[in-house]
Amino acid sequence: MQFSMSMRLPEEINNELAELAKATGRTKSFLAVEAVKEFLAREKWQIEKIQQGLAEADQGLFATDDEIKALHEKWGYNAEYLHSTLGWKTPNQVHTKIKILS
């Protein structure tokens, strides 16, 4: 079953959507539905990860100092950026579980 919905788009977005529709041979409606699907999937994933992290924190599953130091050593500047962006002064002040990706 399908439903219809109307929305007001800023002129710039409407123009970009029209250009993309023309370039791809798709309708604006098709492209809008695809964009909404991608948005919903991304938001769902993010909410699930946040809920998972909160559940882990409730269980006391935090990163150890050694895990944080390893993250810092592996990613260097990026870790420093995260520390400063999130207000962390040292890796030891991180109070969330961090999975180190290899």
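Lys-37 forms a salt bridge with Glu-34, and the closest N and O atoms of the pair are 3.3 Å apart; a salt bridge here is a side-chain nitrogen of Lys or Arg within 4 Å of a carboxyl oxygen of Asp or Glu. Side chains of opposite charge can pair when their charged atoms come close. A search of the whole structure finds 1 salt bridge. This is a predicted model, in which local features need pLDDT of at least 70 and side-chain atom pairs count only at pLDDT 80 or more, while totals for chains, interfaces and linings use all residues. Residues are numbered from 1 along each chain as its sequence is written, and side-chain values use heavy atoms, with hydrogens and water left out.

Both Lys-37 and Glu-34 lie in helix α2 (residues 28–58), 3 residues apart, which is about one turn of the helix; helices (H or I, at least four residues) are DSSP runs, numbered from the N terminus. Thr-27 has its place in the loop between α1 and α2, and its C-alpha atom is separated by 9.0 Å from that of Leu-17, 10 residues away along the chain. Leu-9, in turn, lies in the segment before α1 (11–24).

The table lists relative accessible areas, where buried means under 20%, exposed over 50%, and partly exposed in between (1.4 Å probe, protein chains only).

| Residue | Relative accessible area | Class |
|---|---|---|
| Glu-34 | 27% | Glu-34: partly exposed |
| Leu-9 | 35% | Leu-9: partly exposed |
| Thr-27 | 48% | Thr-27: partly exposed |

Technical notes:
Helix = DSSP H or I, 4+ residues; strand = E, 2+ residues; numbered from the N terminus.
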